[in-house]
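Hi,

Here is the structure I promised to pass along. Have a look at it first, and my notes on what turned up follow below.

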There are 2 protein chains.
Amino acid sequence: MSFDRLHALIRKTKNPTVVGLDARLEYIPPQLVKECLDKHGETLEGAAEAVLRYNMALLDALQGVVPAVKPQAAYYELLGWPGVKAMHDTIQYAHDKGFYVIADIKRGDIGSTAQAYAEGWLGTPFCADCVTINGYMGSDAILPFLNIAKEEDKGVFLLVKTSNPSSGELQDMVAGDRQVYTVMADLCKRLGAGSEGECGYQTLGAVVGATYPAELRELRRRMEKTFFLVPGYGAQGGTAQDVAGAFDRYGWGAIINSSRGILCAWQKTENGAEHFQDAARAAAEAMRDDIKKYVTIV
Amino acid sequence: MSFDRLHALIRKTKNPTVVGLDARLEYIPPQLVKECLDKHGETLEGAAEAVLRYNMALLDALQGVVPAVKPQAAYYELLGWPGVKAMHDTIQYAHDKGFYVIADIKRGDIGSTAQAYAEGWLGTPFCADCVTINGYMGSDAILPFLNIAKEEDKGVFLLVKTSNPSSGELQDMVAGDRQVYTVMADLCKRLGAGSEGECGYQTLGAVVGATYPAELRELRRRMEKTFFLVPGYGAQGGTAQDVAGAFDRYGWGAIINSSRGILCAWQKTENGAEHFQDAARAAAEAMRDDIKKYVTIV
């Protein structure tokens, strides 16, 4: 079961974090960008090669330190189909290096369309271990992903309470005794029921932001068997103390994301461009140690 | 302004419909699929070439009859990066033939991530005229698309009330005096205000399903300056009478989608595989004429 693999990797590395691979050219050391653009000209192919090479170097540096990576589709689609090819190649390389790969695609569509997305991203074409999805359209937009995930032994994270400032505009609306996000949480729990792995967690996880720590703790209590993917640590303002509420009493059942904090670590380090791998690894270790002040993984 | 161009094309063709380009291999005449797989082997490249060639043949057949096409990203991502390249090439070919292109991507993400999606899909990499988006994350997920659309003279359709059976699970929740979908409708209206083109419609349109005709009429009254993209006609059960409520008194301000009804028309026609272009054109004309029984475009 997919989250059992993620769970085992987290315990092995003693590190419940995932690095977002959201490379824009300005996050990549200039020398590497220059080499790729010199080779291809100022084209999408050149930019995509720079992103792929940067990702590969980061994956080399983070191997054994971090259990999982999360490429964000937007930054690859920004580079057209060569960028999407770079995302595919990044996923493959990450697998070669033993990482669990969450494709952050936040797709939300219904029926046979949702099935096409699920087959594309969890099946052979992209072969991610897990995807993020958006359930605004209801269970029609969730079940096709969940069913393919069960068949292919993969995982899914459903957006429940997101980390951004305006997330409350819809998600916090109160209808009867529940907010919209608690309705989504209950849907997540109900649809995922019965798919628990050995680690106790369901195949359908939830995205819950670090920037709303009270809601995060409330949802942890409400969704005992739901694995949490937690964005919002670091740049967005979430602290290690905030994210502690995402974990169960064993320090299990959650993974905390950081993107720019790791990707751009070299920019805050002396001679960082030359030693960007060391800077990324040091930042990943610092994040792990920061969270470990509040969370002990059994 | 982008919807002015769409509006002019609708008036020119006297046809307020859009053809969804959602090609799966089983929708394509077998001879065409065989040629492509013989050339490339049973690979994603072979499948992607079949989809592209089928799309190009359909675009040739529909030119002058239909004003717009809507490739659905899921069916291209199903074929990996070669599929995404086929989507790019389809958009380019559709532009060469004078179609308005709505990239049905339903992306929903925030801040710089939403901006990357918007730059990718509305900017040079994919160069669609318009995209569909999902606003579950709030205005942070809408504004970056809207801002890029204004800069690049493009359009955006926001999911408001979707056509699928389970759309009510979240969208119909009642909070105070409004349902979730009316809150989304009001957000759409408010964020789009001030971006009206000569046709009177805002740069931020709405997706409203044909399968909930009462809600469709209610939203038409509530959102006078919002262009509607209406899925759910045909296979999903929406009728011409149902979709009539999407239009204003001049027969303006809405476009009705059909995908399989046009793509698979050859399967319901004698010798259809040989004459799939004729079958698609005849089906598109039949849909137009069906809607015109209830809607007169000034």
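For the helix packing below, axes are lines fitted to C-alpha atoms over the stretch in contact, and angles run from 0 to 180 degrees between N-to-C directions. Please keep in mind that this is a predicted model.

Let me start between the chains. Helix H5 of chain A and helix H5 of chain B, residues 80-96 in each, pack with their axes 9 Å apart and at an angle of about 170°. Angles over 145 degrees count as roughly antiparallel, so that is how H5(A) and H5(B) run relative to each other. On the H5(A) side, the contact is made by Trp81(A), Val84(A), Lys85(A) and His88(A), and H5(B) contributes Trp81(B), Val84(B), Lys85(B) and His88(B). Sorted by class, this contact has 4 nonpolar, 2 polar and 2 charged residues.

Finally, helix H7 of chain A (residues 143-152). Its buried residues are Pro144(A), Phe145(A), Leu146(A), Ile148(A) and Ala149(A). Among the elements of chain A that cover them are strands E3, E4, E5 and E8 and helices H6 and H9. Just after H7(A), Asp153(A) takes a positive phi of about 60°.

Happy browsing!

Technical notes:
Residues are numbered from 1 along each chain as its sequence is written. Chains are lettered from A and ligands numbered from 1 in the order in which they are written. This is a predicted model: local features need pLDDT of at least 70, side-chain atom pairs count only at pLDDT 80 or more; totals for chains, interfaces and linings use all residues. Side-chain values use heavy atoms; hydrogens and water are left out. Helices (H or I, at least four residues) and strands (E, at least two) are DSSP runs, numbered from the N terminus. Angles under 35 degrees count as roughly parallel, over 145 as roughly antiparallel, 65 to 115 as roughly perpendicular and the rest as oblique. Contact means heavy atoms within 4.5 Å. Ala, Val, Leu, Ile, Met, Phe, Trp, Tyr, Cys and Pro count as nonpolar, Asp, Glu, Lys and Arg as charged, and the others, Gly among them, as polar. Buried means under 20% relative accessible area, exposed over 50%, partly exposed in between (1.4 Å probe, protein chains only).
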